[in-house]
Every structure is written in structure tokens, then in C-alpha cells.
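This report describes side-chain pairings and the overall architecture of one protein chain. The sequence and the model are shown first, and the description follows.

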Amino acid sequence: MKTAPATRKLATLSTCVAICVTGFFTASAPAQAADPYPSAPNCVVESTHATIQKGSSGSSVKEAQCWLNKFNYGLVVDGQFGTATDSAVRAFQKSKGLEVDGVVGPKTWNALIYGTKPPVDSRAQKVQRVINYARAQVGKPYVFGAAGPNSFDCSGLTLRSYQQAGIMLPRYSGDQAAKYREVPASQRQVGDLMHWPNHVGIYAGNGKVIEAANSRTGVVERNVWGTPTYHRVIP
């Protein structure tokens, strides 16, 4: 049996190390979203209180099942969001006057953990949700007629962003601007809708706009340009 020369062995070893190291970092788990209830007591396991629905699995499902059982739903706490858990969630949502959609999101988590409907969000909280969502889309491509999640046109981005604050805008840019009162540029506030002819964006503060600009730039945050009008979507 022939033995490979030392130089070949070293090259092979170097290649293996490079592949292994690259593979290690490629396989690293993506960062998880921050827990919206970091100080909440754990019912059965530590979880991130992620938004979950039928088909989900894991620690957040176990946590939700445990809280539901505090309200006498008698679920098996197995971390699998199946039909029984879905039915329990919907029944719980109905009992608390929440939207009955089977999705355990922030409002349902709040009711499960604290037993009450959450207070009405302040303007600052609503604005922050809008800006956070819009900013998270920066870098995604512009596609005419798209409204996410992978690409957007200008009014598609504003539509989805304001939905995060529970606000449903019309689909088209001109209709969006026409629906809300115009405010002087001197009185603009973070979270205001910005309108140019056939185009919209969101005022992000500090002279910046977040917009799905065009097919060349995609979704960007940049200095305000031109002479847009400002519209107070969130009073």
C-alpha cells in the first residue's frame, strides 16, 4: 500500500479543517427573537414565548399548554401544537374577548400569563412596532405588486408595517395618503406616512425615511428626499 507524501497529507488536512470550520459556522443556529415576557414566571419550562400556532412544536408550545391547563383545558403538555391545543387556544381566546384565530401571539400570551387582556398600546409602542418591522425589511428586493414577506413595493411595505400596530391601510399609495390627515413637515413625527406622487414611505426620525424605493435599491433607510407630504396614521 502506497503512503501519500507528507505535503499531500498536509493539504488534505488543511482542506478538511477549512470545510469543517466553514460547516460549523454555516450550521450555527440563527439568533432567536427577544423574549417579549422575560420576567414572566415559567409555567413548566423556560421558553421565549414565541408566536405559535397549529403545527408548531417546542418549549413555547409546552409553556402555552401548561398555562392553558391552568384554565382547566386538560392538555397533554408534550410541546406539539395539534388539534387539541388549537381547540383549547381558540376557546381560551373566545373566553377572553380576543381575536379567535388559534395563534398564540403577544395578546394571547399576555392573557395566558397574566389572566387579562393587555392594555391598549400607547402611540410610542405602536410606532415602534411599525418602525421595527419596516427596518427589518431593509435589504429586501423591490418587486412591483409585492407585499412581503420576501419582497415589497412601496405601498406593500407600508401596508405590512402598519399592520404590526393593528392598522389596515388601503393597498395603493395614493389611497393610503388620502385616508389620513396631512400634517406640516415642521410637525412631522416618527411613524408618519410620507407621500410623493405614486410613492410612499415611513418617516423614521432624524431626517430618515424607510421605503421600498425601486428595483435598483430595494428596501432602504436613507435621508428624506424631495418634498413629500406627511400623514398622521397613528394619532
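## Aromatic pairs

The count of aromatic pairs comes to three. In this predicted model, one of them is formed by Tyr 203 and Tyr 230: the ring centres lie 5.9 Å apart and the planes stand at 90°, so the pair is edge-to-face. The cut-off for that class is an angle over 60 degrees.

The two tyrosines belong to distant parts of the chain, 27 residues apart: Tyr 203 is in strand E3 (residues 199-205), and Tyr 230 is in strand E6 (residues 229-231). Tyr 203 has a relative accessibility of 6% and counts as buried. Tyr 230, at 3% relative accessibility, is buried as well. Both assignments follow because buried means under 20% relative accessible area.

## Overall architecture

The protein chain contains seven helices and six strands. Read from the N terminus, the order of elements is α-α-α-α-α-α-α-β-β-β-β-β-β.

Of the 235 residues in the protein chain, 37% are buried. The accessible surface of the chain is about 13,400 Å², and carbon and sulfur atoms contribute 56% of that area. Among contacts in the chain with a separation of 6 or more, 45% are between residues 24 or more positions apart.

## Salt bridge within a helix

The number of salt bridges comes to six.

Arg 90 has a relative accessible area of 33% and is partly exposed.

## Salt bridge between loops

Another salt bridge brings together the side chains of Asp 153 and Arg 171, at an N to O distance of 3.3 Å. Asp 153 is in the loop between helix H5 (123-136) and helix H6 (154-163), while Arg 171 is in the loop between H6 and helix H7 (173-179), so the pair ties together parts that are 18 residues apart in sequence.

Asp 153 is buried, its relative accessible area being 5%. For Arg 171 the relative accessible area is 23%, and the residue is therefore classed as partly exposed.

## Salt bridge between strands

The side chains of Arg 222 and Glu 211 also meet in a salt bridge, with an N to O distance of 2.6 Å. This pair links distant parts of the chain, 11 residues apart: Arg 222 is in strand E5 (residues 218-223) and Glu 211 is in strand E4 (residues 208-214).

Glu 211 has a relative accessible area of 1% and is buried. Arg 222, at 28% relative accessibility, counts as partly exposed.

Terms used. Residues numbered from 1 in each chain as written. Predicted model: local features only at pLDDT ≥ 70, side-chain atom pairs only at ≥ 80, totals over all residues. Heavy atoms only, no water. Salt bridge = Lys/Arg side-chain N within 4 Å of Asp/Glu carboxyl O. Buried < 20%, exposed > 50% of the residue type's maximum accessible area, 1.4 Å probe, protein only. Helix = DSSP H or I, 4+ residues; strand = E, 2+ residues; numbered from the N terminus. Contact = heavy atoms within 4.5 Å. Areas by Shrake-Rupley, 256 points an atom, 1.4 Å probe, with all protein chains shown as cover. Phe/Tyr/Trp six-rings, centres within 6.5 Å; stacked < 30°, edge-to-face > 60°.
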